[in-house]
Amino acid sequence: MTKELLEVLNACVKAFPEIRDAPIRIGYKKLKQGTLAQTRMKKVHEKGRAFWIPVIEVSCELRSLQEPQKTQLLKYVVTHELVHISRGHIMVKRSKGHEADFEREVSERLSRLR
């Protein structure tokens with residue numbers, strides 16, 4: 001996890017009281033063209049136990065953006081992925097699109113950050 005992404009994640013999680021204490025990891029990864037981020041479940045082994053945690057993978061192409069656009073885009077992308085996590089989308093089979101109110105919730109959660 002990079003310090004930059006961890007700071008953005010910590011800032012964005014404040015708008016999600018229902019998952020504030022959930023262990024979530026974040027990092028840059030090379031993703032297919034046009035994908036800004038994705039969330040996957042990863043099996044983690046700690047202290048003799050195995051459990052699944054969400055991992056937000058952000059496109060490494062976003063590293064090259066300049067401030068302040070970079071921070072604004074990272075906040076949007078991370079908030080978008082946190083809405084997926086809060087709605088339980090990562091626990092079910094992938095759907096073709098978002099619910100009708102998905103983007104509205106992303107906008108509402110972003111406005112709580114400002």
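A residue counts as buried under 20% relative accessible area, as exposed over 50%, and as partly exposed in between (1.4 Å probe, protein chains only). The model examined here is predicted, so local features need pLDDT of at least 70 and side-chain atom pairs count only at pLDDT 80 or more, while totals for chains, interfaces and linings use all residues. Residues are numbered from 1 along each chain as its sequence is written, and side-chain values use heavy atoms, leaving out hydrogens and water.

The chain holds 3 helices and 3 strands, arranged along the sequence as α-β-β-β-α-α; helices (H or I, at least four residues) and strands (E, at least two) are DSSP runs numbered from the N terminus. Of its 114 residues, 37% are buried.

Turning to charged pairs, the whole structure contains 10 salt bridges, each a side-chain nitrogen of Lys or Arg within 4 Å of a carboxyl oxygen of Asp or Glu. One of them joins E105 and R87, with the closest N and O atoms 2.6 Å apart. Because E105 lies in helix α3 and R87 in the loop between α2 (69-86) and α3, this pair ties together parts that are 18 residues apart in sequence. E105 is buried at 12% relative accessibility, whereas R87 is partly exposed at 25%.

Another salt bridge brings together R109 and E18 (2.9 Å, N to O). Here R109 sits in helix α3 (residues 102-113) and E18 in the loop between α1 (3-13) and β1 (25-29), 91 residues apart. R109 is buried, at 9%, and E18 is partly exposed, at 45%. Both pairs belong to a network of salt bridges linking E18, R87, D101, R104, E105, E108 and R109.
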